[in-house]
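Take a moment with the sequence and the model below. Then read on for a short walk through two parts of it.

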Amino acid sequence: MEKGKSSSKNKNKPTSSSAITLEQFVSTMAPLIDLEKDAEISVSMNSAETRSLDSAQKKGSTILNLKCVDIQTGLMGKMLLEFQSNKGDILPPHKFGTHDVVVLKPNKADLGCPALGQGVVYRLKDSSITVAFDDVPEEGLNNPLRLEKLANEVTYRRMKDTLIQLSKGVLKGPASDLVRVLFGERPPTMSKKDVSFTPSNRNLDHSQKDAVSRALSSKDVFLLHGPPGTGKTTTVVEIILQEVKRGSKILACAASNIAVDNIVERLVPHRVKLVRLGHPARMLPQVLDSALDAQVLRGDNSSLANDIRKEMKALNGKLLKAKDRNAKKDIRRELKSLSREERKRQQLAVTDVIKNADVVLTTLTGVLTKKLDGLSFDVVVIDEAAQALEIACWIALLKGSRCILAGDHLQLPPTIQSVEAEKKGLGKTLFERLADLYGYEIMSMLTVQYRMHELIMNWSSGELYENKIEAHSSVASHLLYHLEDVKISPSTEKALLLIDTAGCDMEEKKDEEDSTLNEGEAEVAIAHAKRLVDSGVGASDIGLITPYAAQVVFLKRLKSNVDKLKEMEISTVDGFQGREKEAIIISMVRSNSKKEVGFLSDRRRMNVAVTRARRQCCLVCDTETVSGDEFLKGLIEYFEEHGEYLSASEYVNE
Ligand SMILES: Nc1ncnc2c1ncn2[C@@H]1O[C@H](COP(=O)(O)OP(=O)(O)OP(=O)(O)O)[C@@H](O)[C@H]1O
């Protein structure tokens with residue numbers, strides 16, 4: 001925000017890094033996309049460096065020794081196969097994520113052996129992984145199996161294609177004026193009068209209403225800045241509904257499938273004509289009804305295509321029986337024409353659905369489907385824009401003449417695998433660049449938050465949002481013991497807790513992959529979670545988060561021995577962005593005599609960590625080590641002043 005503010009004072013004098021020209025952008029990004037692709041391939045099974053199965057499992061790109069425990073039909077004919085480890089409860093540490101493309105192979109088969117099937121990860125739990133396949137593999141399911149993760153090269157190809165398009169043809173497309181504004185060649189414009197509207201959601205607060213009105217006034221670009229818990233998606237949905245009322249055709253996107261589905265779910269009750277494009281295995285079950293495939297099946301053209309297929313089947317039967325050459329020739333001719341008709345009907349079914357929809361929703365990379373070729377939109381809305389690569393945003397932006405980007409550049413940016421690409425600026429988002437370039441001229445910030453106790457919020461608001469955020473009265477003073485069935489106890493009566501491991505002999509260490517973990521601290525964090533559950537807090541209402549992947553693995557191992565914590569989620573901070581829990585425990589891990597804190601010092605990461613909590617945020621850390629960093633020192637002092645301080649020694653041996 002500070003950046004946005006300062007640039008708003010000298011409106012059209014952008015800072016050097018944000019005032020990049022289109023040509024500079026294209027020439028900088030092309031090699032960075034290649035670097036990132038290479039980095040992704042090197043952690044996947046397509047990598048030439050993967051020489052043995054053991055090394056692949058260590059890298060997390062394969063999971064060995066699996067058994068298939070369940071097969072179900074779902075998702076429009078896709079087959080859902082669930083796998084568990086042959087060796088025990090918990091899957092070994094891995095780098096698989098939902099929606100990754102994977103192949104299934106016999107456990108011991110050679111690295112290059114053909115796959116039994118290729119699918120998409122549908123669901124991931126600590127102890128199982130479910131994959132959606134087009135068909136059930138014909139054999140081999142009764143023997144030990146392995147899953148291999150493939151690099152998603154298609155995404156990179158799509159980004160490269162977009163760069164090429166940006167570098168040449170766009171000056172004539174729907175986005176021709178928008179491109180000039182977003183690269184600082186032309187100033188953005190807003191209509192002179194405030195646009196008034198009747199909100200569909202009567203609960204909108206003043207900052208949300210103001211943001212909707214300004215979004216509707218914008219003629220080219222608008223940024224909706226949504227700090228944690230301030231109802232960014234609620235506001236995005238209102239903007240879309242108002243644009244539909246105005247008769248606009250809207251393309252609504254986000255970097256992740258889940259964020260797209262969130263919007264779909266909230267639009268459906270308003271009976272908006274919409275369609276969700278994408279692979280059904282990547283969608284939430286509750287939005288499948290809005291999927292393109294489902295709507296195509298329901299359409300007239302689709303049933304006509306079905307009738308034609310039936311006719312073709314009958315003709316094929318006739319063809320087999322026919323003896324006369326001329327009769328055979330006639331049947332073949334008829335079959336050919338029916339097949340042409342069937343294909344045409346299928347395509348018409350797809351275009352009908354898309355043309356009839358007021359809102360088309362898909363992920364950013366999903367926009368490059370042939371189904372949207374030649375189509376343009378009045379407005380492109382991108383949610384989670386501060387978590388998307390700029391080049392991914394351009395895939396969607398080239399389809400429209402106006403855009404509305406929603407996000408928070410003070411939370412974590414997109415994850416970049418290549419250290420070099422990150423250093424050279426691949427992770428700088430369009431949202432951040434535009435906030436720098438034009439500031440409040442094109443941006444509104446939401447200022448009422450609906451998640452956190454005000455003590456949890458105040459630290460983040462003061463450090464990152466110029467103290468502009470206020471807590472809504474429904475959450476401002478809510479505590480864990482106000483929840484039904486939760487007892488008042490020392491563990492549940494405070495919004496902020498600091499458990500200090502300093503002097504308790506709990507040093508950090510490195511795992512084989514060079515990620516840091518802290519076993520003593522992990523035990524303390526688990527002990528606090530147990531105390532919460534003993535006071536009546538539901539385990540599923542607790543989130544245990546940490547910046548380090550190795551600590552996640554260790555914590556999960558500890559958790560597997562504690563039955564009452566089964567439903568508690570454990571994740572990296574980065575993986576928990578966008579989520580919330582009643583109680584959050586943060587294990588900060590670093591404890592060393594050099595006071596090294598590594599990437600803990602990124603204020604955006606701690607901002608995300610602390611603001612996941614609704615009623616209690618508990619920091620477990622070595623205050624001696626982390627206070628070596630000025631920013632973290634401020635965090636510790638804030639917790640000491642406004643919360644309860646405890647020594648980790650009180651939790652040892654629990
Ligand atoms: N004006 C409002 N009045 C009451 N509750 C609201 C209002 N706006 C948002 N909320 C509530 O706040 C919560 C967060 O809203 P929403 O999901 O829109 O936020 P978000 O900005 O997408 O989330 P995040 O802050 O994690 O990015 C939801 O439970 C929502 O119902």
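What follows looks at one strand with its neighbours, and then at a cavity.

This is a predicted model, where local features need pLDDT of at least 70, side-chain atom pairs count only at pLDDT 80 or more, and totals for chains, interfaces and linings use all residues. Residues are numbered from 1 along each chain as its sequence is written, and side-chain values use heavy atoms, with hydrogens and water left out.

Start at strand 10, residues 359-363. Strands here are DSSP runs of E with at least two residues, numbered from the N terminus. Five of the five residues in strand 10 are buried. Buried means under 20% relative accessible area, with a 1.4 Å probe and protein chains only. In a regular strand, side chains alternate between the two faces of the sheet. In strand 10, Val 359, Leu 361 and Thr 363 point one way. Val 360 and Thr 362 point the other way.

Now look at the neighbours. Two strands pair if DSSP finds at least two bridges between them. Strand 8 (residues 250-254) runs parallel to strand 10, joined by five bridges. Here Cys 253 has Thr 362 as its bridge partner. Strand 9 (residues 274-276) also runs parallel to strand 10, with three bridges. Val 275 is partnered there with Val 360.

The structure holds one cavity of 30 Å³ or more. A cavity is a set of points on a 1 Å grid over the protein atoms alone where a 1.4 Å probe fits but cannot get out. The largest cavity contains about 40 Å³ of space, a volume filled by probe spheres set on the points. Its lining residues, those with an atom within 4 Å of a point, include Pro 227, Gln 449, Met 452 and Tyr 465.

Methods. Buried < 20%, exposed > 50% of the residue type's maximum accessible area, 1.4 Å probe, protein only. Helix = DSSP H or I, 4+ residues; strand = E, 2+ residues; numbered from the N terminus. 1 Å grid on protein atoms, 1.4 Å probe; cavity = no way out; pocket = protein on both sides within 12 Å on 5 of 7 lines; lining within 4 Å.
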